[in-house]
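Here is a guided read through a protein model, from its charged pairs to its interfaces and sheets. Keep the viewer open and follow along.

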Amino acid sequence: MSFFREIWAVSAMNLAALPSRAGASLVTVIGVATVIAVMLSLLGIGEGVMNSVLRNDQPDRAVVLSSGASEYMGSFSRGDVAQIAQAPGIKQSPDGKPMVQPLAAVVVELEKKDGSGTNNVLFRGTGAIGEAMNDKSLHLIAGRMFTPGLHELIVGKAAQRTYKNFDVGDTVKLRNTPWKVVGAYEDNGGIDENAIAADADTVLAAFNRTAYQSVGVQLDNPASFRKFKDTVTSNPQLQVQVKRLSQYYRDQLQGLTSLLSFVGYFVGGVMAVGVVFGALNTMYSAVDARKREIATLRAIGFGGTAVIVSVILESLILAVPGALLGAAFAWLLFNNHDIAMGGVSFAMNVTPGLVVVGLVWSLVIGLIGGLAPAIRAARLPVAQALRAT
Amino acid sequence: MDPVVSVKGVVKSYKRGRQSVEVLHNLDLDIQPGEFIALMGPSGSGKTTLLNLIGGLDRPTDGDIVVAGEHIDDLSSSQLAKWRSRHVGFIFQFYNLMPTLSAEANVELPLLLTRLSSAQRKQNVAAALELVGLTDRKKHKPSELSGGQQQRVAIARAIVSDPTLLVCDEPTGDLDRETAEDVLRLLQQLNREHGKTVIMVTHDPKAAEFAQRIVHLDKGALVSAEEAAA
Amino acid sequence: MKYLHLVWAGVWRRPGRATLTLLSIVNAFLLYGLLQGFVSGIGSTVADTHADVLVTASRISQLEPLPMSQLPQIRMTPGVRSATPIVIFHGAFRTSQPVNMRGFAIDPDSFAATNTDEVIPPQQIEALKHTRTGVILPALVAGQFSLKVGDRMPLKSLLWTNHDGTNTWPLDVVGIYKSNPRDIFFGGSALANFDYVDQGRTQSNGTSSIFLVRVNDPAQASQVASRIDALFANSPDETKTESERQLAADSVKQIGDIGFVVSAIVGAVFFALLFSVGAVMMQSVRERTPELAVLKTLGFTDTGILALVLAEVLMLCLVSAAIGLGLASLLFPLVKVSIGFDVKAGPVILVGFGLAVVLALVSGLPPALRGMRLSIVDALAGR
């Protein structure tokens, strides 16, 4: 008999016996389901975080920061900005100006609507050019844009949901200065929806700053990044670093996402070890219950390899539905579910990529859980097993 | 002398699906103290059922069973359990020892249900093993003993709490001729030298010859009785 | 317990199966112990804070520094016993990870004044004063990196660029103090010289990250805090002064969700375990039906059999839990070092054993009932 037909015959016998072994088989399915559900949920948070910043990524955007500083601590004078604007590779706005936006970034403490205290929130100072750079994803959903020179601000959708006094028309006190909320914006679900924005110079003046914190740049072409960066960083009067926007976001969230990945895989890994023990139990008892049938098949002439493959196959057939069940559970419960971490809210994302990861893990669990019992099944002393009661 | 076992008008029926099957019909039987009696009959005759009733493993559907003056047919399940531990020692065809315990520990099992101290239990176990001649095998597990030796451990377990009755269900059914005779001789010895009442179910006429009285059952009723050669 | 050997024999009837089950339960309790230990450590910080210590930081954000000019004014505020500047100086040593050491740059003289409960031995502060590049390390960290007094330790700062253009600050170990993992500031933190850092860094010179204030009377703490904040209310550098306890409570709240996540994970694990242990026990009872019947013939009551099976499950679960929790507690010191919080082992272990009992009872009850209800006659006849 051909090898595959052998495997098929032994497997068919094993699988036909599954219903009578429902209880023990369920153990593997449920075990795998819980591991995958937990792991995908945790990893889904990480995906959601990354997704929230990268969904609005533009490959032709760059960020200029002061050397060794974050976006909050940079120091750019008007002269610095002018020098940056002279570098090659920058796109021109319709009225002939280089698309370079000096940005202010301060942190303000806002009180949460639910009374659970306060959070630190980014207050970004931007301008007309900045608006033009973002206009693919960012648009107003209520009210109007702020007027430069006046203490007016616009609030992101998520921030408006979370914090007190941010309805359009409200006045909110930030560091003893009243600011009028003149509009609200959305940004395609991106992370900026957790912030508030106003005119850059107005923000600087209000918070007693004399220099901008960072500079946003729109390149004429993604490939221009290199020459732009080289020119700016080799300028001895500027102590700066230049990053692509996506790189900047990645660096910012590096710590958080690697922590989340670590936790997801660590917890998933420990749980998986436990499930492997359970799967081994299931498969050993399956093999044991069918000692006589397996021995009979081998007495007839079925090869040991066919037995091994069919037992492992059975283990995999239990593991894979478990993974799908767990993934479905994680997806149903958590996909697109808003989660708040450290004051920032974003949606969790159980991606197809994660589901594949889950499937791979389940295959590994099924394989390890089935291998040793499979080998034992293939090595059964046939005569002894035939006599077994 | 009053019989130690008195079975009067006993009926036993089982439910098989929706039907009720009567296995014992209006049976009467008296067993005297110190008797060695064999119950014989074809398969399905109800001999094991009768044995189970006398041993307190089951209750009759109707009728009375009095053992050592007590109406065991009136006892509740947990009362019967207690009664069994004091009055009956069982010996089965397939020995039914705990595979995970040593011979010693197996013999000790019935004594765990008593109030005896650990030292007293040890004493009784040693005596029982001595009687069946297996003192040197006391640490062995059943898997390390032959069929005959296992049955002797089972006998030691059955007598260790000094019960009123020794109830045996095909005790030699799984043993070869020679070993079977050894076991039967041991039962005889317990009966003659120690005055134990032995009730044995068997389908082997040669085994029945070791008893004093043989009672035949067929289709749930007593059909004949005879004095045995022993 | 005269039945102990019987219960034990029942558990180990099939050694392979029992071992696998034991390992999976141990695994679950190890995970529980680590996760719950982590959560308990975070929660325990609040209780162990000082009642007479205030922290003055910028109202704008924790990242905003405060001008040193505020210090003399704070010192003169009624109710203030002493105040000292502290610059955050977290960084990495010997690894590429962003932070693996909490560090603070302090002014030795004024720090000594606030160090009234001598968390740091005064002679070590003196040593720091006399060595510009000095650093005092907590014992846990010194042990982790095998550093002794006299060693050189280059710290890669997270925040500050040295005037040589790098983020690396060479430091010399001048003292090692016995750290209290429960102390927010001085649990696992390295202490360097304020002057060294302030004069060497390229930004925020002349400022301090926070001021640590010691008050005369703990009962007056909140009033003193308000007074300090009132001093700078309309200045460009508004302050927010909170007690150490309040700070701890705030950060705990932020991480509050973690407790929920951990509970969800532990719940999922034990859910799967219920099935796994239940299936194993059910199979064990099914296999042993004849033996259990024999026990009944010997006189064991129905409830006796129920108790026997439950005792087996309990023994299996409790022994496994003990091993798993034991392993977890061996790892608690590691957790301590990594997050800087002390793990409250007691409650974690106690609750763990409680979980083991619940696990045993819930998964063991159906098999135990089955054993209790078996009919002697049917079992012996092989039905």
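How many salt bridges does a search of the whole structure find over all chains? The search finds 29. A salt bridge here is a side-chain nitrogen of Lys or Arg within 4 Å of a carboxyl oxygen of Asp or Glu.

Some ground rules come next. This is a predicted model, in which local features need pLDDT of at least 70 and side-chain atom pairs count only at pLDDT 80 or more, while totals for chains, interfaces and linings use all residues. Residues are numbered from 1 along each chain as its sequence is written, chains are lettered from A and ligands numbered from 1 in the order in which they are written, and side-chain values use heavy atoms, with hydrogens and water left out.

Take one salt bridge to begin with. C:Lys240 pairs with A:Glu109, and their closest N and O atoms are 2.3 Å apart. C:Lys240 lies in strand β12 of chain C and A:Glu109 in strand β2 (residues 100-111) of chain A, so the pair joins two chains. Helices (H or I, at least four residues) and strands (E, at least two) are DSSP runs, numbered from the N terminus. Side chains of opposite charge can pair when their charged atoms come close.

That pair leads to the interfaces. Two pairs of chains are in contact, and chains A and C share the most contacts. Contact means heavy atoms within 4.5 Å. Chain A and chain B do not touch; their nearest C-alpha atoms are 14 Å apart.

Look at chains A and C. The contact involves 42 residues of chain C and 36 residues of chain A. Together these chains bury about 3000 Å², with 61% of it on carbon and sulfur atoms. Buried area is the accessible area (1.4 Å probe) that two parts lose on being put together, summed over both. The two chains have two salt bridges between them. Four residue pairs are in polar contact across this interface, both residues being at pLDDT 80 or more. A polar contact is a pair of N or O atoms within 3.5 Å; within protein, one must be able to donate a hydrogen and the other to accept it, and residues adjacent in sequence count only if both atoms are side-chain atoms.

Which elements give two or more residues to the side of chain C that touches chain A? They are α2 (15-44), α9 (244-254) and α10 (256-287) of chain C. Of these, α10(C) gives the most, with twelve residues. By class, this side has 20 nonpolar, 13 polar and nine charged residues. Ala, Val, Leu, Ile, Met, Phe, Trp, Tyr, Cys and Pro count as nonpolar, Asp, Glu, Lys and Arg as charged, and the others, Gly among them, as polar.

Now turn to chains C and B. Here 20 residues of chain C meet 27 residues of chain B. The pair buries about 2000 Å², 68% of it on carbon and sulfur atoms. On the chain C side, C:Lys2, C:Leu298 and C:Val377 lose the most area, together 27% of what that side buries. Chain C and chain B have zero salt bridges between them. Six residue pairs are in polar contact, both at pLDDT 80 or more. Elements α1 (4-11), α11 (289-298) and α14 (376-380) of chain C each give two or more residues to this side. The largest share, six residues, comes from α11(C).

Next, the sheet of chain B. Six strands form an open sheet with mixed pairing, in the order β6-β7-β8-β3-β9-β10. Two strands pair if DSSP finds at least two bridges between them. Why is one side of β6 (88-91) and of β10 (221-227) of chain B left without a neighbour in the sheet? These strands stand at the edges, so each has a single partner strand. Strand β9 (residues 213-218) of chain B runs antiparallel to β10(B) over six bridges. Within that pairing, B:Arg213 stands opposite B:Glu227.

Chain C has its own open sheet. Its ten strands are ordered β4-β7-β8-β6-β9-β5-β3-β11-β1-β12, with mixed pairing. The edge strands are β4 (91-92) and β12 (239-243) of chain C. The latter holds C:Lys240, the partner of A:Glu109.
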